[in-house]
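Please look over the charged side chains in this entry. My notes on their pairing come after the display.

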Amino acid sequence: QVQLVESGGGLVQAGGSLRLSCVASGRTFSSYGMGWFRQAPGKEREFVAAISWYGGDITYYADSVKGRFTISRDNAKNTVYLQMNNLKPEDTAAYYCAAGRTPVSRVASAYDYWGQGTQVTVSS
């Protein structure tokens with residue numbers, strides 16, 4: 001089974017950038033679709049980005065982050081990244097990495113494994 005650990009969150013001013021990392025345990029990383037979700041206080045969990053198996057030739061993005069965020073993966077390092085540029089206060093949330101047997105999905109229920117989250121706080 002897969003275990004996921006996120007890192008890279010922190011405090012940043014509006015307009016700044018952060019790069020989140022999610023390291024997966026095991027040696028089956030390349031067979032999983034990977035996604036990022038976020039949840040702000042008082043709000044529901046929402047989809048952010050997803051990337052497909054086998055090098056990530058398919059990517060999905062939420063409309064709210066498209067053009068600002070980029071998801072990528074490095075199978076050799078069992079790691080998926082979320083590069084976040086031009087951050088806005090509304091991006092403030094706990095960000096969660098997810099992995100699933102579904103090749104790629106925007107839907108949380110498609111994912112089988114979840115990390116514990118990393119906090120991103122964007123100040124205005």
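1. Basis. This is a predicted model, where local features need pLDDT of at least 70, side-chain atom pairs count only at pLDDT 80 or more, and totals for chains, interfaces and linings use all residues. Residues are numbered from 1 along each chain as its sequence is written, and side-chain values use heavy atoms, with hydrogens and water left out.

2. Count. There are three salt bridges (a side-chain nitrogen of Lys or Arg within 4 Å of a carboxyl oxygen of Asp or Glu).

3. Arg38 and Glu46. Their side chains form a salt bridge, N to O at 2.6 Å. Arg38 is buried at 5% relative accessibility. Glu46 is partly exposed, at 30%. The cut-offs: buried is under 20% relative accessible area, exposed over 50%, partly exposed in between (1.4 Å probe, protein chains only).

4. Arg38 and Asp91. The closest N and O atoms of this salt bridge lie 2.9 Å apart. The pair links distant parts of the chain, 53 residues apart: Arg38 sits in strand 4 (residues 33-39), Asp91 in the loop between strand 8 (79-84) and strand 9 (93-100). Strands are DSSP runs (E, at least two residues), numbered from the N terminus. Asp91 is buried, with 1% relative accessibility.

5. Arg68 and Asp91. Here the closest N and O atoms are 2.7 Å apart, again a salt bridge. Arg68 lies in the loop between strand 6 (59-61) and strand 7 (69-74), 23 residues from Asp91. Both residues are buried.

6. Network. Shared partners join Arg38, Glu46, Arg68 and Asp91 into one salt-bridge network.

Notes: Helices (H or I, at least four residues) and strands (E, at least two) are DSSP runs, numbered from the N terminus.
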